[in-house]
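Here is my note on the structure, written as numbered points. Please keep the 3D view open as you read.

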Amino acid sequence: MKCPTLLHRRKRENFLSRHISHRGGAGENLENTMAAFKHAVDLGTDMLELDCHLTKDEQVVVSHDANLRRATGINADISDVAYAELPPYLCKLGVTFQRECFCEGGDDKCIPLLRDVFDAFPNTPVNIDIKANNNTLIKKVSELVVKYDREHLTVWGNARNKIVKKCYKENPRIPVLFSFPRVLQLLGLFYTGLLPFVPLKEQFLEIPMPSIITKLKDPEGLTRGLRIAAWLADRLLMRKALFEHLTARGIQVYVWVLNDEEDFQRAFDLGATGVMTDFPTRLKDFMDRNGFSKLQ
């Protein structure tokens, strides 16, 4: 566990990310907008996290939901609407990972194209969640990554294993995330002691901190079973030995979506490479005060 390079060549790390802006920083600007991405990059974020869908006219757009109702008030699927006809975001959106929190946006309420992000931030690593199991979407994202010469600055994937497999098959030069089934497999290998002997194709482990569920929901509304499940998942996932083994193999570990200093501190103390947040200013201030700004 402590010397994995005896059996495996350390993966090449083209970039290292400590500060990751979730949907561009959904707590400070409207999520997945160019204004959010620009704010995060100007602040000095190491990575932008975003989500992609395909429109009716096969444009790759940056949006989290397949349906437009939550974000725009219009009940329609992105796949059924041409890009030019996409409605603007609402003026006020809820922040998914911050309890009873809303973000009110400025002038930018447009759903951007992925190529707009690549154009505007050519040197910023981007973490792409492929939201639909769509061969055309995967192919077009790969084509854009290649066109903008970003294979060394991009990581992509999804919680679904089918999507990750298709991504890897489409372009194995773009690093992939662990899918949910692969995370379970990873834990099985870790707890049986077999992990040091098994090769891993993924280069990024992106996992939640299960304990944050008590901050996202009303504690009085959590059932005893749910609290026990969250505690058990937290004990299994948040393991320093696992994080240290993976980072020694060149696999970065990102913990999401953390929005308060207590959780920032815990993630870094456990050896996480980076933290994903809705509040990039809050995370930057914490990192500056506590000496986490630079990777050692």
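1. Start with one term. The radius of gyration here is taken over C-alpha atoms, and the globule rule is 2.2 Å times the number of residues to the power 0.38. For 296 residues, a compact globule would have a radius of gyration near 19 Å. The protein has 19 Å, which agrees. Keep in mind that this is a predicted model.

2. Next, the overall build. The C-alpha trace spans about 55 × 45 × 40 Å along its principal axes. The protein has 11 helices and 10 strands. Buried residues make up 50% of the 296 residues. Now take the contacts with a separation of 6 or more: 67% of them join residues 24 or more positions apart.

3. An unreviewed UniProt entry places the feature "domain: GP-PDE" at residues 17–287. That annotation may be inferred rather than shown by experiment. Over residues 17–287 the chain is 37% helix and 16% strand. The end C-alpha atoms of this stretch are 13 Å apart.

4. Now the largest pocket. What is its volume? The value is about 580 Å³. The lining has 29 residues. Ala159, Glu206, Ile207, Pro208 and Trp256 lie nearest the centre of the pocket.

5. Which elements supply at least two residues each to that lining? They are β2 (47–54), β6 (126–130), α6 (180–192), β8 (204–208) and α8 (224–237). Helix α6 gives the most, with 4 residues. By class, the lining has 17 nonpolar, 6 polar and 6 charged residues.

6. Look at methionine 276 next. This residue is found in strand β10 (residues 274–277). Is methionine 276 buried or exposed? Its relative accessible area is 2%, so methionine 276 is buried. Leaving aside neighbours within four places in sequence, methionine 276 is in contact with Ile20, His22, Glu49, Asn127, Glu206, Val255, Trp256, Val257 and Leu258.

7. Valine 253 sits in strand β9 (residues 252–256). Its relative accessibility is 0%, so valine 253 counts as buried. Not counting residues up to four places away in sequence, valine 253 touches Leu205, Phe243, Leu246, Thr247, Ala272, Thr273 and Gly274. Take Ala272 from that list. The C-alpha atoms of valine 253 and alanine 272 are separated by 5.2 Å, and the two residues are 19 apart along the chain.

8. Histidine 245 is in helix α9 (residues 240–248). At 1% relative accessibility, histidine 245 counts as buried, because buried means under 20%. Which residues does histidine 245 touch, not counting residues up to four places away in sequence? They are Met1, Pro4, Leu195 and Pro196.

9. Arginine 235 belongs to helix α8. Its relative accessibility is 54%, so arginine 235 counts as exposed. The C-alpha atoms of arginine 235 and alanine 36 are separated by 34 Å. Along the chain, these two residues are 199 apart.

10. Last, check the backbone angles. Most residues other than glycine have a negative phi. Where does glutamate 58 lie? It lies in the loop between β2 and β3 (60–62). Phi of glutamate 58 is near 60 degrees, a positive value in a residue other than glycine. At 39% relative accessibility, glutamate 58 counts as partly exposed.

11. Aspartate 149 also needs a look. Phi of aspartate 149 is near 55 degrees, a positive value in a residue other than glycine. Aspartate 149 is found in the loop between α4 (135–147) and β7 (154–157). Its relative accessibility is 54%, so aspartate 149 counts as exposed.

Note on methods:
Residues numbered from 1 in each chain as written. Predicted model: local features only at pLDDT ≥ 70, side-chain atom pairs only at ≥ 80, totals over all residues. Heavy atoms only, no water. 1 Å grid on protein atoms, 1.4 Å probe; cavity = no way out; pocket = protein on both sides within 12 Å on 5 of 7 lines; lining within 4 Å. Points joined across faces, edges and corners; volume = space filled by probe spheres on them. Nonpolar A, V, L, I, M, F, W, Y, C, P; charged D, E, K, R; others polar. Buried < 20%, exposed > 50% of the residue type's maximum accessible area, 1.4 Å probe, protein only. Contact = heavy atoms within 4.5 Å.
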